[in-house]
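Please read this briefing alongside the sequence and the 3D view. It is written for a reader who has not seen the structure before.

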Amino acid sequence: WLLYRDCMEGDQDLQFLLQGGDLLKVRSPTWKKTRYFKLQDDCKTVWRQSKKIFRRKQTFSLDDISAVRLGRQTEGLKKNTDEQVEDRCFSIVFKGHHKTLDLIACSEEEAKQWVKSLQKMISNMNNLSRHWIYSCLIKADKNKDDKLSESDMKSFLRLINVEVDDDYAELLFKKCDTSNSGYLAGEEVEHFYELLTHREEIDVIYGEYAQTTGYMSPQNLVDFLMKEQRQKATLADAHKIIKQFEPDENAKEKQLLSKDGFLMYLHHQDAMVLQPEHREVYQDMDQPLNHYFISSSHNTYLMEDQLKGPSSTEAYIRALLKGCRCVELDCWDGSDDEPVIYHGHTLTSKILFKDAIQAIKEYAFKVSDYPVILSLENHCSIEQQTVMAHHMSSILGSALVTSPLGQGMPTDFPSPEELKGKFIIKGKRLNKLEASFAQEVLAADDTDVTEEEESGDDDDYEEQHQKKSKLKLAKELSDMVIYCKSVHFNGFDDARRNLSFYEMSSFKEGKAMTLAEESANAYIHHNMEKLSRIYPAGSRADSSNYNPVPLWNAGCQIVALNFQTTCSDMDVNQGRFLVNGKSGYILKPSYMRDPTTEFDPITLTRGEWLKHKTLHVMVISGQQLPKVTKKKSSIVDPIVKVEVYGVQDDVAEKETNPIDNNGMLFDIAEGFNPEWNETFRFDVYVPDLALLRFVVEDHDSASENEFIGQYTLPFNSIQMGYRHVPLLNSNGDLIPAAGLFVHIMIVDAE
């Protein structure tokens, strides 16, 4: 069970971390203290020295790390350290809301070694699907003697969510303790592991096609791929799979696939539920910008709630690394003539505008090359607006779009492909874009500035208008607004008659939902010509979200959500933008780009959008589902929900029965790999707009179920057949080794 540790033995990076060393921990300009850090023997947990005698947690898991960044990249290091220590600094950024660990090493070389070693270990762990069970075995071995006593075995079973009574545990232990030594070691542990990981459903599937002396021949594999997986396959494909996945060299030489090789192939990402071609950019990226759904964030600077939560450049980094392509900057006058970003008139903390722009520049194109829209909520004075314009121009440089692409006045948006690597400003403008071609000269002038006024979506609009004095707009900032000029919405007819293609409105979720329900076809036509941005209601002080699907169904492109909040709405958003290379841009269906379309997601009249499919989903089993709580007695009672999102007629949810105490009364392997074998049927009328979501929860009959993991993907990106489904935690991060095994069939409805 020390395979994970052994496979990296002799690795210099591992040895460096196991030895550890002193680092200077930074909290403030005056609080800098030396602490000793080292990787523990489980190769998964980092121990850190603490001077607090009663401190409970002196460790953190490599699984909890989101990123390790070299240099003074965090706000804490920029604020609390001098530039001369830049090369010695690095930061450990954690998933969720845990505070970032800012550190200074003794030398530049040592800082680089820490970063390189930690990044390598994290990468290796993410790629080693079985590391979780190994680390649980190591934890259970209390004496660290590489042996499992009966007590150790019971501890291990609890760690992996299997609860057994004493009589059964004793029986299991004796079955594996073939040496009668009173403990398990060597091959006995391997036998114990095989009992745990044995999957009967794989035996059945493999047995049906392994027709060549108990193995799969290339032709057997082709038969499986074509009949069960419903995919085109040749003998050449089968040979390639055997060469890549067969672990037994003898079988590989004979061009045969063993059961282990078959299972390894089924666990590969190309064989999972998401079509591998859709992991890359596969859509036409040469259409006008407004023909795409765009991954968008609201109040991007916030890490938590809208009233007193912290603002941080880290929030921009996290959103951009999740593929977000439209970020919001809520700008106010700051001290020393430096604009700041925060949620105005609240207790949220402030960050410098220039720091946010710098962070956006550094991380904008790490995940996607396609354009980033900077949505400005401008509350600044003329003087500080000029400073904003200067910072964007000097920091973003030629990547900032400050004039239309091509020659002359444009009549339509450029495409994402044409705008690769570019930044677009969304904000107010003093005049029409056409006026700039007439060389009209304007000074700073009065204009409506705020998003709330722009939307005009409720009864308090006039009251807001009367209470707020007009803010002036600096010409330098106005001239940077090219393709996304913010204007007030006065109805679809007014927009069609009086607004140019680049003039866009923002809608509060309530107004947008009403339009999507009552005037869906008109909204779709509006969004063929213009961009629309939707944002959460101001009453969502806790940074909660709304369901983005009805707005996508109405063709709205920039449906902005609070990325910092974990919820099903964000899960669905991430599922929508999971494909097309995680570019943050998804091409709308053709009938949502056709000026003659009669498509209405509410009434669903006949048309090319109506492609009635029947979806059959069999939830077969689960693998290595993590415990929700850390209590020793906590055993997962898993339940699986299968949900369909899309047009109104497609929305549905079905669930399995829970498996009580996950193995208490079952075979030991059943406890580790729970089986449901339950089948569900769904009718999907508009597959282009549908998404499929798998949710695993810990069932509790007395209270609300606890979330374990989920996975959401577009309906048109599903692979049929026997497929593993990976699981993501509430932060959207992959849960190592955990997943579901399902069978999916999609057929044309009769």
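Predicted model: local features only at pLDDT ≥ 70, side-chain atom pairs only at ≥ 80, totals over all residues.

Residues are numbered from 1 along each chain as its sequence is written, and side-chain values use heavy atoms, with hydrogens and water left out. Helices (H or I, at least four residues) and strands (E, at least two) are DSSP runs, numbered from the N terminus.

**The open sheet**

- An open sheet is formed by 7 strands in the order E4-E3-E2-E1-E7-E6-E5, with antiparallel pairing; two strands pair if DSSP finds at least two bridges between them.
- Strand E4 (59–61) and strand E5 (65–70) are at the edges, each with a single partner strand, so one side of each has no neighbour in the sheet.
- From one strand to the next, the twist averages 30 degrees.
- Strands E2 (residues 32–39) and E3 (residues 45–48) are paired in the antiparallel sense over 3 bridges, and Lys38 has Trp47 in E3 as its bridge partner.

**The second largest pocket**

- Lining residues, which have an atom within 4 Å of a pocket point, number 36 for the second largest pocket, and those nearest its centre are Gly76, His98, Lys99, Thr100 and Asp102.
- Elements giving two or more residues to this lining include E4, strand E1 (21–26) and strand E7 (101–104).
- Helix H3 gives the most to the lining, with 5 residues.
- The lining has 9 nonpolar, 12 polar and 15 charged residues; Asp, Glu, Lys and Arg count as charged, and Gly is among the polar ones.

- In helix H22 (residues 509–518), Glu509, Ala512, Met513, Leu515 and Ala516 are buried.
- These residues are on the same side of H22 because they cover an arc of only 165 degrees around the axis, taken from the directions from the helix axis to the C-beta atoms.
- Glu517 and Glu518, on the other side of H22, are exposed, that is, over 50%.

- Strand E17 (residues 503–508) is mostly covered, with 6 of its 6 residues buried.
- Glu503, Ser505 and Phe507 point one way from E17, while Met504, Ser506 and Lys508 point the other way.
- Strand E16 (residues 484–486) pairs with E17 in the parallel sense over 2 bridges, and Met504 in E17 is the bridge partner of Ser486.

Key
Axes fitted to C-alpha atoms, helices over the stretch in contact; angles between N-to-C directions. 1 Å grid on protein atoms, 1.4 Å probe; cavity = no way out; pocket = protein on both sides within 12 Å on 5 of 7 lines; lining within 4 Å. Buried < 20%, exposed > 50% of the residue type's maximum accessible area, 1.4 Å probe, protein only.
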